[in-house]
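Reader: I have a structure to look at. Can we go through it in short steps?
Author: Here it is.

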Amino acid sequence: MSEMVKVAVDAMGGDHAPGEIVKGAVEAANENARVKVFLVGAENRIQEELKKYSYKPEQVEIVNAAEVIETAEPPVMAIRKKKNSSIVKALQLVKNGECDAFVSAGSTGATLVGGQVIVGRLKGVERPPLAPLIPTEKGAALLIDCGANVDARPSHLVQFAKMGSVYMESVMNVKNPKVAIVNIGAEEEKGNALVKETFPLLKSCPDINFIGSIEARDIPAGHADVIVCEAFVGNVILKLYEGVGGTLIKMVKSGMMTSLRSKIGALLVKPALKETLKAFDLEQYGGAPLLGLKGLVVKTHGSSKAIEIKNSVLQCVTFKEQKINDKIKEKITLRDE
């Protein structure tokens, strides 16, 4: 039988913890017999939630953690002081090799800091980037970095491009993924100092399919598979993406309810519209991996419901099966030394 993929889940992190977190973890275990989830958090609260579901006991384990790192807490201080928190104890499981991956909808700062301090970086990786999948007209694209490295250097962005290419090819099955750097124009001479210095470095990389600059308006059209930027720009793109998407959906729904004719039309187009909007549902992609660590760390939205937790856990299975870390080590360590 194939080896089990062990995933530590922060049961206390997020707006809907522990209910939706436990539900999603159980659904993942029930969907894939190779998954074992370690629910880390307040044991009594987790047990109460587990009573609602049927599952194989050998696929679900509780790890008690008495403390919770809140979103507003300074991450470095919280990681140091709250050793018995769900985030720290779960990350320790990954560091010690007891789990292959960690999933959390909790504090982004604590997850990013803990991932680097506790789990540690792969040899040769300068800065681990946070890399969510975003929907486009042509399928999912990887936005890298979107939150981990606000003040990145050109060498960091080159590594982001390499790690992103590995992820898209191995996890998303995109052959020879197109890599682009976010810019304010298509011309090579445009951009700020970081972009201008990074562009020729990416252009000279033989092991990525660099296609040049990409403007923000071209991202939803799917012009690139790996979208490279530092975290400040990436986070702005991600949040604008989410905000505009949510607003448009609300406006479309509101417009369909303005008259009897529009309501009838809404009934007719509802099946097709539902299917179209499904492609732009971020929950189906799971969470954002923090690439370049010795173990997999996945950060999901703070508002994550069970479906996103489930998909994030299942995402960890693909990550391990495809040996993403080995491929990143080969691309980064061997060629950058």
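Reader: Which helix holds Ser165?
Author: Keep in mind that this is a predicted model. In it, Ser165 is found in a helix, and that helix is α6.

Reader: Is Ser165 buried or exposed?
Author: Buried means under 20% relative accessible area. Ser165 has a value of 5%, so Ser165 is buried.

Reader: Which residues is Ser165 in contact with, leaving aside its neighbours within four places in sequence?
Author: Look beyond the neighbours in sequence. Asp207 lies 42 residues from Ser165 along the chain, and their C-alpha atoms are separated by 9.1 Å. With neighbours within four places left out, the contacts of Ser165 are Pro177, Val179, Ile208 and Val226.

Reader: Which residues touch the most other members of the largest nonpolar core?
Author: This core has 61 residues. Its largest share, 8 residues, comes from helix α6, residues 154-170. A second, separate core has 39 residues, including Ala65 and Tyr241. In the largest core, the residues that touch the most other members are Leu39 and Ile328.

Reader: How many disulfides does the structure hold?
Author: A disulfide is a covalent bond between the sulfur atoms of two cysteines. Take Cys229: its closest cysteine sulfur, in Cys146, is 8.1 Å away, too far for a bond. For Cys316, the closest is in Cys99, at 10 Å, also too far for a bond. The number of disulfides in the structure is 0.

Reader: What is the relative accessible area of Cys316?
Author: Cys229 is buried, at 4%. Cys316 is buried too, and its relative accessible area is 2%.

Conventions
Residues are numbered from 1 along each chain as its sequence is written. This is a predicted model: local features need pLDDT of at least 70, side-chain atom pairs count only at pLDDT 80 or more; totals for chains, interfaces and linings use all residues. Side-chain values use heavy atoms; hydrogens and water are left out. A disulfide is a pair of cysteine sulfur atoms within 2.5 Å. Buried means under 20% relative accessible area, exposed over 50%, partly exposed in between (1.4 Å probe, protein chains only). A nonpolar core is a set of buried Ala, Val, Leu, Ile, Met, Phe, Trp, Tyr and Cys residues joined through side-chain atoms within 4.5 Å. Helices (H or I, at least four residues) and strands (E, at least two) are DSSP runs, numbered from the N terminus. Contact means heavy atoms within 4.5 Å.
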